[in-house]
Each structure stands twice: as C-alpha cells, then as structure tokens.
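Colleague: I have a two-chain model to learn from. Can you take me through it in short steps?

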Number of protein chains: 2
Amino acid sequence: MTERIREFLRRRTEDGPCVVVDLDVVRDNYEAFARALPDTSVYYAVKANPAPEILSLLAELGSSFDCASVGEIEMVLAAGAGAERISYGNTIKKERDIARAFELGVRLFAVDSDAEVDKIARAAPGSKVFCRILCDGVGAEWPLSKKFGCVPEMAPDVLEQAHRSGLVAHGVSFHVGSQQANLGAWDNALATAAAVFRETARRGIELKMVNMGGGFPARYLKDVPGVPAYGQAIFQALSDHFGNRLPETIIEPGRGMVGDAGLIEAEVVLISRKSADDAVRWVYLDIGKFHGLAETMDEAIRYPIRTARDGDETAPCVLAGPTCDSVDVLYEKTPYELPVSLSIGDKVLIEACGAYTTTYSTVGFNGFAPLASYVI
Amino acid sequence: MTERIREFLRRRTEDGPCVVVDLDVVRDNYEAFARALPDTSVYYAVKANPAPEILSLLAELGSSFDCASVGEIEMVLAAGAGAERISYGNTIKKERDIARAFELGVRLFAVDSDAEVDKIARAAPGSKVFCRILCDGVGAEWPLSKKFGCVPEMAPDVLEQAHRSGLVAHGVSFHVGSQQANLGAWDNALATAAAVFRETARRGIELKMVNMGGGFPARYLKDVPGVPAYGQAIFQALSDHFGNRLPETIIEPGRGMVGDAGLIEAEVVLISRKSADDAVRWVYLDIGKFHGLAETMDEAIRYPIRTARDGDETAPCVLAGPTCDSVDVLYEKTPYELPVSLSIGDKVLIEACGAYTTTYSTVGFNGFAPLASYVI
C-alpha cells in the first residue's frame, strides 16, 4: 500500500471494486530486474497487465515485451516500443497471425514443434526462432503442465528444422513455473539449455540466446527471495553451465513486475452463518473469482488482506465472491483469519493484485461490470 | 446443430471463434418446461446467457426472470418484461442495490440470513422474501458448495425475522445442483421444504411459494432424463409432501433453457507432440478456458465435439486453448478421441455451448477478444 494509492482511494467517488496500480512501484521493479541482471534483456510479459500506462512506462524505461497475440503486439506498438523489442512468445499461433506480426515488423518467434516452424517459415521468412523446452517446475506455486515446450531431446530437431527452412535458429526458452521460490530451478533448466546448445552446435548450428522466462514471484503471504537473490543464482548457473561463452539472455517477468504494484479495494456485502452453531462465518465481498480474483482457484494464491479493523481479535471465515455461482468462493478449505469486528459495508484492501486481475476478469458475469482499473 | 446454425456459419465471414444460439431451440425448451410443469412459473436464470434476443423472446413467451444483480434486472426490463416478473435471486446483495431494485419495481428477494433480511426490510419495505435452504446436491455434476442457503432448521427463524420486520415471508428455495440427473434429489429437497412450511405455520406464518431452482441438465455427452421426466417426478414429490395444499412453485432453468440451443465454432491452431515417441497428440484450439469454455474446469463438463472428418479413425488427444497460460487446457486427465486425420486450420463444432460461455469469457486475456456471440 503506497501513499499515492491511499490518497487516490480516499478521493475516489465511483462505486464498486477496483484495482489501483502505482507506476512508481513498477518503475522500481523494472530497475531492480535491470540491476540484478545487467546483461539480461527484460521482456515484460504483457498478459500480466496490459494497461496502456504500464506499457508506456516500460517502453520509456527501455524494456522489451513478450506478447501472446497480435492484439498484445498492437498494444505494445501503440505504447511506443518498436517491433524490434517484441517477442511473439506464444508457441500456439495461427499462420495468419504470424503473417500479421511479421507485417508489423516482429522478427522473433517461439516454437516447440515442427508444425509451428513450418508456419513461421512460410509466414515470417528469415525470422529468429527459439525453441521452448519442458521444465519440471518443481518448487513453483503453480507448476506448469506440459502444455508448452517439447522434451529437451527434441529441441535440436526442431531447431535444425528451422535452420533448414531458412529461419534463424536463435536459442531456447524455458519457464520454471509461476511464483517459483526455489532458486535451484533455474540451475536445472540452464544445465538442460546448455546441453541443447551443445547438441545443436554438433549439428553445425550455433545458438545465441537463452530465454529464461518468468516465474519471479510477487510477495503474497509467504516470504519469497527478492530479485537480487534471483539475479545472483541465475548468474552463477549461467557461468557454471556456459563457462566463458555466455549466451544472450532474456527474462520475461510479468507478476514480478506488476504484482506488488497494485491492490484491490473491495467491500463486505454480507456476513452470515449457515446455522445457529456454525463456527465459521461466511464473509462475502463484492469481488470474487469472476471479476479479478481468478487466481484464488484451488486457493493457490493467498492474498494479504487489510481492513480498517486490523489489530482487533480475529476468527477464521470462509471468504466468497458476490455471484450466484457456487464456485465463486475464494478461501474455504483453509479459512481466512479476519477481525471479528468486521462489518457489512466495510472496505477491505487485497494486496499484491497488480497482475492477472484485470485480464482474468469476465466481461460481466451475473451482470456485474468487469474489474475497474486505475493506473496512477 | 440446427439447419439454421449450419447456414449461418456457412455465410459467416468474420475470423475467430464464436457461439451461435438458435432461438427456435430456446422457444422449444421454454415450451417443454411449460408443458411439463403447467402450474409452475418459469423464471429464466439470466446469468446463463443474457443475450438481449434471448431475454426478449422469453419475455414475449411469458417467462419470468431470476436475476443476480441490478445489471441483470435492467437487462430484463430493457427486454420488455415488467418488474413483477423479476426475482432478485442472489442471497448476497448490497443494500444500495436492493434499494435500486425496489425503485425499479422489484418486490421479490432471496435471503438466507438475518443480516440480509434486515437490509431488505430497510431498503425494500413490504417486499416478499423467500429463504434459501442448503441442499446436499447428491447426483449433480457440479454439487454446490455451502455458499448459498442456511440449514433447513434455521430457515423458520429467518422467515420469522422477515415477518416481524414487515416483509412478507413468502416461501423457501433450494437448488439441487447443476446438471442434476438424479430425479430423487427434488423429492428430498421438497420433503425438507414441506417441513419448513409446517414449522413456520406453527409460528403463525403461512408460506405460499416453493422455488425449486435450476439444475435441469443440458445434453452433453451423457444421456440425461428429458424435461417430461423431471416434470413428472417433481409433480409426484409435490403431491407426496404437500398433499392437497400445493404451494405456488417456481423453477429457474438456465442451462436447461439455452445450453443445447447454442454451439461454438472454433479452429485447430496447432497439432503437435511433446516428444518423438509421445502417444498422445496435443490439439490446440483458438478457444479455451478464458474465452468461453471455463466450464471444462476440472474436466467437469465434456462437450460433444464434431469435425468434418468424423467417421475417420480416431485417437486420443489432449485438448487445449490458445493462451500462454498452462491452466488453459480443456481435457488432459481424460484425453479426447478425435480423428487422426484432423489438421491445422480445420474447424470444429463444440455442441451444447449456449449457457455459461459468453458470460464466463474474460475481457481479453492474452489480447484475444471475448467470445463473439450471435443469436439467430
């Protein structure tokens, strides 16, 4: 909670829940990444929060951008960054979208299969491609499925196919999993990346780049290592596995860039019990899974919640959203401690909500408007 | 797949996935409910699909409406139904939203706690309220949590509180769970409702109405009982538990009204394998969990999928959406059988998608537009 956000909320007159992002925190985060990994290019993962003000600030600071679609590419261009600073990082692309990106000047594309290489060779001839490899994601809060990437043994084949098709086989990418708090995860992944470099070199193709993805945590309720610790661990792992021939490197922070820069203000709509002797209260907010807090799915992310009554005695409660949908419950398996004095109409502040809230919001489920967003 | 939808899709020129709903099927469904339960009022659950054309058709056919918010109430009024045909069925309401609904003419409200009764007594004096009771939901595809309703033993207290506050204690409601295929579920719930009627009468308050909620299934891959079978089972249970003093009854079909009236047309973006010896293909569509197919969460709903290559040999595949998000996978634990000949660029038709697709769509996650919707 920054002073600027506090001041903004004090003066806000509109009704309903909202997220407020403080650009000063985004700037600090960008600079922390740049300082911790001075030789690494930062590609902001636009999907985390594509607010135009955030994109413009990062463009101005010199950031590059990881885009998932032509829509995101257009947003980045509109924010003032050139196409040379864009990576089309989605391994799943329609050929006509690749063509459109190429037309807009994009020359860097992700792949994880021969079929995708073929599309890029046709629609974006001569471009650079990097091959995403599967990573086990041990230690991540949200271990990734096998959706993206191929097994490391297959990567040299995919890259060789790219090379033979007139593309530039540029490098490899991996993603250690979201909210990755285990610093060793990068070491394992970089060892694997180095093995792909060696095998590809053996085939006469010199790779140049390692895209280390995202996964840098925002601070929720658990303590997580800070950005400097990540930088040190990554630099050490790079030296260990690549020796004196360090590759160009890219990171793609999304949550790590904007997560702790924003908070959601919400309102308590109802507090009730299901029976006269129910030990746990139900607290219903005017925001839930369908309007910004989708990441509470399976109670994966536990947001810090502040109230004006903090310091009073607390008791556990089930926390739920306002829709007529039974899955719209935030914390039930592990009830949340909130002040006993909390009352209907009270405001609550949900912290570390700058990432994956506005974009995960539905268009208007149950007739409630999408999450209002302010970037200050 | 109706002939009208087939014809519409043949002539559609826009790019990207879309849902198409055929109003003729909605009309048939409405009439099937009206025939099966001639003495029961149909309150369409607007949240299932609030497309203006659907609301207008149902308003014209004489339907009433179950609304979750002031936003939905305004949509129903705009579609031409009067406020006397609206139930504000959400048990979680801000007091200022209750006041706004009252101002718009709404006089029927759901409650499940004393705190909600107090709000309605202040903001909508003299209105009718019904108390939602918890139901175990055995047999439902998506058993409901305890989010809505109080234990049946508490309902007479809540209704007595309403009566003492100058409201009309009108009845009780329950919801047997979504996609409820067990006809006995209604019998259990009606027995409980009758017990609440008796206890409330003992306290000198005569309830008049039972709101039997929704839960009527749409036809996905499993066979489910048709509407007439539901009607018969419900009528029998009403007679058994209420004898000659049958209450007014309400049902709130949402999925049962529009689910099978719509289908989604999508495109195959990529087909690949994760390793050279991978037994299962990955098939990526241009639609996934974030743009309409949220109900595949936990693989709960298994949509029927048609392709132009049906009849060819099939093999299992993992089915996934187009976003850079690892949770955007539709069917992985139980792979989906699709033709081996399926190719990148093929169209697929996902059936029974008329409910909970447009409204569950995000505002634009990953830069992809929300689900396009056509009602014909």
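Colleague: Which residue does the UniProt annotation "active site" cover?

Modeller: First, the ground rules: this is a predicted model, where local features need pLDDT of at least 70, side-chain atom pairs count only at pLDDT 80 or more, and totals for chains, interfaces and linings use all residues. Residues are numbered from 1 along each chain as its sequence is written, chains are lettered from A and ligands numbered from 1 in the order in which they are written, and side-chain values use heavy atoms, with hydrogens and water left out. UniProt positions follow the numbering used here, feature names are shortened, and annotations may be inferred rather than shown by experiment. The record is an unreviewed entry, and its "active site" covers Cys324(A).

Colleague: Is Cys324(A) buried or exposed?

Modeller: Look in the loop between β15 (314-320) and β16 of chain A. Strands here are DSSP runs (E, at least two residues), helices are runs of H or I (at least four), and both are numbered from the N terminus. Buried means under 20% relative accessible area, exposed over 50%, and partly exposed in between (1.4 Å probe, protein chains only). Cys324(A) has 16%, so it is buried.

Colleague: Which residues does Cys324(A) touch?

Modeller: Touching means contact, with heavy atoms within 4.5 Å. Residues up to four places away in sequence are not counted. From chain A the list has Asn366(A), and from chain B it has Lys47(B), Ala68(B), Gly89(B), Asn90(B) and Phe148(B).

Colleague: What is the area buried between chain A and chain B?

Modeller: In contact are 69 residues of chain A and 70 residues of chain B. Buried area is the accessible area (1.4 Å probe) that two parts lose on being put together, summed over both. Carbon and sulfur atoms give 62% of it, and the total is about 5,300 Å².

Colleague: How many salt bridges does the rule find across the interface of chain A and chain B?

Modeller: A salt bridge puts a side-chain nitrogen of Lys or Arg within 4 Å of a carboxyl oxygen of Asp or Glu. Lys94(B) and Glu267(A) meet this way, at 3.8 Å, N to O. Across the interface the rule finds 12 salt bridges.
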